[in-house]
Amino acid sequence: MRIFGIVLAAGQGKRMKSKLYKVLHPVCGTPMVGHIVGLLDQIGCSQKIVVVGHGAEAVKAYLGDKAEFVHQQEQLGTGHAVLQAKDLIGSEEGITFVLYGDTPLILQDSLEKMAILVQDEVAAVVMTAEIDRPTGYGRILRDDQNLLAGIVEEKDCSPEQKAIREINTGIYCFDNRKLFAALEEITNNNASGEYYLTDVIQILRERGEKVVSYLTADSSEAVGVNDRLALAEAEEIMRQRINRQHMLRGVTIKDPATTYIDATVTIGADTLILPGSILKGATSIGEDCIIGPQADLTDSTIADGVSIKYSVLYDTVVGAATTVGPYANLRAGTKLADNVKVGDFVEIKNATLDTGSKVSHLSYIGDARVGKNVNIGCGAITVNYDGYNKHMTLIGDNAFVGSNVNLIAPITVGQGAFIVAGSTITKDVEEDALAVARERQTNKPGYGAKLRARMLRKKDNKDNIGGE
Ligand code: UD1
Ligand code: CA
């Protein structure tokens, strides 16, 4: 049996009050429509059609080849939107999930159960939910045998219907041909003047078809994001689900309430996530790590046994047993090998530090290749920018860069070289050399005491004048 998926994503999302098109608003790091299309993949959907209209180019650019697209020129309602897919799949045999692009919390398990319910005699399954505050949702109507009779939109509800707490989640599974046949009959004769997909339920029933409901046990699935309040609600629910999944797979999360992990992040077992940590994008973390408190990681790859405290990492690779922080800022293109130490107030950008190297305090390393077992002293920096161009610094294995050294790039420091603290290095340093580039020190005996006496005299004179 073929499975089709139609995702409605053509509405404007006015209630979001946003420049960003509604279905592109992220929930736990992934745009809502991305969650839906991903879910269709998971259930083995063979053809995914996304109905686009407002913001069509942006939605297409985001989804790329993950779906096919049909255009709904005018947004005349959800039923009209589904009809746009008719030319592509209207006459195919199979089952079709219709999902709304603003309903990101649907569970795979529910869709699988609905697919089983749609058998030869069943034309449609509607997922319903019982919720305390049904405002804004379509209400479920039942006949005297308690069977699904139809769906009435809030705007069209009588006062009695408004009190119904069973709502339409907007998640449906249809017999494909029966869906498109029934869609031909919908009208826009309602309070909104729109062609409602929900009317299909009543139409199918009138045609003598069997329609059934699937009441979800987890009403959080139903959250439809129409405004920023619902967006925050969806974010919170998905965040809890994600944290729970990681914990079930062996990750310790000290305080799930203050831990923010995108849907795209992977974490190995026995890793400990401490409070205030934010893990985003294509980040993957190995086993036995200690992440946080307050680690902010984006698109970064962390090997096993790593510790990262109070630090920001973006597009960074960290090798096994390396330690970062507290208070490090690792920017795009940072690559740390195994057993590296990056300490407090260190910024690194587009730089590689090989095994065993240390940058322990107060350094800037930008556009550099640092070899193995290099020690970069406190306050030492690479001077990579001349106001126009960026230049590379190359430091060989086992080199020692003293405190407060400026390495003015482009520059090469050979293996085993030793750079004396406080030096400003402008010329390459050859292997095993010692470089010193600072003023020679002179001491003047007794001069400190003389100076102090002179200063005191000056101060006394000033105080006397002031006192008269
Ligand atoms: C819809 C349902 C309602 C249900 C609720 C669940 C209808 C008529 N109503 O209401 O019963 O309780 O979802 O969340 O279906 N869209 C288009 N083209 C259009 C109109 C809408 O693509 O012409 C898309 C929107 O972009 C959105 C989705 O369809 O992603 C749902 O539309 P929306 O206006 O949000 O419907 P609701 O009022 O939430
Ligand atoms: Ca909606």
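P293 sits in the loop between strand 18 (290-291) and strand 19 (296-298), where strands are DSSP runs of E with at least two residues and helices are runs of H or I with at least four, both numbered from the N terminus. This is a predicted model, in which local features need pLDDT of at least 70 and side-chain atom pairs count only at pLDDT 80 or more, while totals for chains, interfaces and linings use all residues. Residues are numbered from 1 along each chain as its sequence is written, and side-chain values use heavy atoms, with hydrogens and water left out.

**Overall form**
- The protein contains 10 helices and 39 strands, and its radius of gyration of 32 Å is well over the 23 Å that the globule rule gives for 468 residues, so the protein is more spread out than a compact globule. The radius is taken over C-alpha atoms, and the rule is 2.2 Å times the number of residues to the power 0.38.
- Taken along the principal axes, the box filled by the C-alpha atoms is roughly 110 × 65 × 40 Å.
- Of the 468 residues, 46% count as buried, a term for under 20% relative accessible area, with exposed meaning over 50% and partly exposed in between (1.4 Å probe, protein chains only).

**Helix 5 and its surroundings**
- In helix 5 (residues 108-117), the buried residues are S110, L111, M114 and A115; seen down the helix axis they fall within an arc of 140°, so they line one face of the helix. The arc is that of the directions from the helix axis to the C-beta atoms.
- The cover over these buried residues includes helix 1 (32-42), strand 6 (95-100) and strand 7 (122-130).
- Strand 6 holds F97, which is buried with a relative accessible area of 0%.
- Beyond its neighbours within four places in sequence, F97 is in contact (heavy atoms within 4.5 Å) with residues including L111, M114 and A115, as well as I3, F4 and Y172.

**Cis peptide bonds**
- G292 and P293 are joined by a cis peptide bond with omega of about 5°.
- A second pair, A409 and P410, is also joined by a cis peptide bond, with omega of about 0°, and P410 lies in the loop between strand 35 (406-408) and strand 36 (411-413).

**Positive phi values**
- D288, in the loop between strand 17 (284-285) and strand 18, has a positive phi near 55° although the residue is not glycine, and D288 is partly exposed at 46% relative accessible area.
- A321, in the loop between strand 23 (316-318) and strand 24 (323-324), has a positive phi near 60° and is partly exposed at 37%.

Notes
Chains lettered and ligands numbered in written order.
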